[in-house]
Amino acid sequence: MEGRMELECTMDEQDVVVLDAGSGFLKVGFCGEDAPRAVLPTAMATATADESREDEAVSGDAQKKSQVFYGEEAVLQESAVITRPVQRGELQLSAPEKEAMESLLEHVFRNVLGVEEDLPCLIADTMPLGQSSYATRQWIAEVMFEKIKVKSLAIFNTAALSLFSTGRTRGLVVESGEGITQAVPVFEGYAIPHAIFKMKVAGQDITQRIQTLMGEELGEPQSYRTMQALKEKVCFVAPSSSGVPAPDGDEEARSFELPDGKIIQVSEKIRAGATEILFGGVEGEASMQKICLDAINTVDLDFRQDLVKSVVVAGGTSMLQNLAPRLRLELKSALASDLSRTVEVVSDSQRRFAAWIGGSMFASMSTYDQVAITKQEYEEGKADVRGLVARKTF
Ligand SMILES: Nc1ncnc2c1ncn2[C@@H]1O[C@H](COP(=O)(O)OP(=O)(O)OP(=O)(O)O)[C@@H](O)[C@H]1O
């Protein structure tokens with residue numbers, strides 16, 4: 001089939017750790033498996049003793065008793081400093097975030113996966129290799145070889161991996177996660193950096209919108225986590241921008257249980273209204289269809305047909321019901337007729353973890369060894385790690 005690659009995987013005996021750390025969630029597991037072993041919030045929290053146990057603060061043991069939490073436990077801490085090292089799709093390189101990420105990685109490798117040193121690893125990176133991400137990738141390589149002590153390391157763009165998970169090598173990947181939505185043209189397995197368009201409107205913005213609307217409707221503030229769960233259960237994308245759809249009559253689809261046990265019926269205004277921000281209306285930000293059109297219009301004319309034939313949605317926010325048909329409708333009405341006729345939006349059942357799954361498939365192939373940086377290469381190239389990541393990450 002045109003545009004599809006052979007997915008003949010030559011299984012190696014080695015277990016490659018596959019890791020995708022997003023703004024909201026870190027996914028980690030082993031190559032060859034069809035889902036991550038663990039999905040946890042990309043967060044670390046430090047609770048100082050005087051905040052956690054007053055008696056210890058009084059006895060002067062405060063310093064010793066400060067406690068560190070990771071992932072789910074971290075976000076549940078109410079009186080702790082919570083650090084989220086990845087924001088809006090980018091690993092933050094200031095000291096607290098770097099420390100948190102390093103500590104989180106140690107935790108994930110040693111405690112979550114329970115692995116020791118000397119394993120190969122593949123990392124999915126939302127930022128394609130370009131000027132802005134050299135420093136990030138250099139830092140990741142240093143931590144992975146020096147602290148985690150991996151045997152080899154491959155860094156690959158998430159969109160290229162997401163597309164790979166669908167068996168394609170050419171297409172337009174529309175990734176929408178917790179912090180970022182981006183349209184990434186991929187050609188023969190590589191993201192095209194100058195044609196990537198992004199918007200800072202994604203899952204977190206929809207959740208915040210719901211938080212505001214539900215807070216007003218219920219007359220009391222609602223927690224982010226509860227509203228995130230509400231979004232994932234009852235929200236969907238309206239078929240078109242012309243008004244909110246009529247209630248679909250399915251009571252179960254509209255009902256949500258609040259933490260106090262009260263069951264509410266969520267209005268269509270919130271269920272479909274909150275997700276409209278993906279299709280425009282956030283001041284200073286683009287819409288999903290606009291970033292796709294910009295990406296399509298930036299690539300060579302010859303490549304545009306390939307792109308519109310394979311618009312692939314991926315990431316947690318692409319799980320919203322009806323997102324793919326709506327995006328197709330928006331693109332069809334905005335594209336020139338020759339492209340409009342052929343536009344197809346692909347919405348695979350595994351799209352939530354598409355990048356991780358693509359990484360799992362790629363790391364199972366013998367090609368992994370050809371593209372990964374080995375420990376020896378790292379040791380020899382230490383004087384110029386930046387040059388090494390520029391040559392050997394994708
Ligand atoms: N069924 C669902 N319906 C709607 N949203 C969902 C669903 N499942 C997950 N999400 C949302 O997807 C987002 C997380 O997606 P994902 O794990 O792809 O993001 P991330 O990789 O952490 O972030 P980013 O890619 O933006 O850096 C969250 O906002 C979550 O609420």
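Mentor: Begin with a definition: two strands pair if DSSP finds at least two bridges between them. Keep in mind that this is a predicted model.

Trainee: How many bridges join strand 1 and strand 9, and in which sense do they pair?

Mentor: Strand 1 covers residues 17–21 and strand 9 covers residues 120–125. The sense of the pairing is parallel, and the number of bridges is four.

Trainee: Which strands stand at the edges of the six-stranded sheet?

Mentor: The sheet is open, its pairing is mixed, and its order is 3-2-1-9-10-19.

Trainee: Which helix lies across strand 1, strand 2, strand 9 and strand 10?

Mentor: The helix covers residues 354–363 and runs at about 155 degrees to strand 1. Strand 2 is 25–30 and strand 10 is 152–157. The helix is helix 15.

Trainee: What is the strand order in the open sheet of three strands?

Mentor: Strand 5 (67–70) and strand 6 (81–83) each pair on one side only, which puts them at the edges. Strand 4, residues 44–47, runs antiparallel to strand 6 and is joined to it by three bridges. In one of these pairings Met44 has Thr83 of strand 6 as its bridge partner. The order is 5-4-6.

Trainee: Is Val313 buried or exposed?

Mentor: Val313 sits in strand 17, residues 311–314. The residues it touches, leaving out those up to four places away in sequence, include Val174, Leu323, Leu327 and Val345. A residue needs 20 or more C-beta neighbours within 10 Å to count as buried. Val313 has 25 inside 10 Å, so the answer is buried.

Trainee: Which residues of strand 17 point the other way from Val311 and Val313?

Mentor: Val311 and Val313 point one way from the strand. The remaining two named residues point the other way, and all four are buried. They are Val312 and Ala314.

Trainee: Which residue of strand 18 is the bridge partner of Val312?

Mentor: Strand 17 is joined to strand 11 (residues 171–176) by four bridges, in parallel, and there Leu172 has Val311 as its partner. Strand 17 also pairs in the parallel sense with strand 18 (residues 345–346), over two bridges. In strand 18, the partner of Val312 is Val346.

Trainee: Which helix gives the largest share of the shell around the ligand?

Mentor: The shell has 23 residues, and the closest are Gly22, Gly24, Gly177, Gly203 and Gly316. Helix 7 (203–218) and helix 8 (224–234) are the elements that give two or more residues to it. By class, the shell has six nonpolar, 13 polar and four charged residues. The largest share, three residues, comes from helix 8.

Trainee: Are helix 7 and helix 8 roughly parallel or roughly perpendicular to each other?

Mentor: Their axes come within 9 Å and cross at roughly 105 degrees. The contact involves residues including Ile206 and Met214 of helix 7 and Tyr224 and Leu230 of helix 8. By class, this contact has six nonpolar, three polar and one charged residues. Angles from 65 to 115 degrees count as roughly perpendicular, and the two helices are therefore roughly perpendicular.

Note on methods:
Residues numbered from 1 in each chain as written. Predicted model: local features only at pLDDT ≥ 70, side-chain atom pairs only at ≥ 80, totals over all residues. Near = placed C-beta within 6 Å. Nonpolar A, V, L, I, M, F, W, Y, C, P; charged D, E, K, R; others polar. Buried ≥ 20, exposed ≤ 12 C-beta atoms within 10 Å, placed from the backbone. Contact = placed C-beta atoms within 7 Å. Axes fitted to C-alpha atoms, helices over the stretch in contact; angles between N-to-C directions. Parallel < 35°, antiparallel > 145°, perpendicular 65-115°, else oblique.
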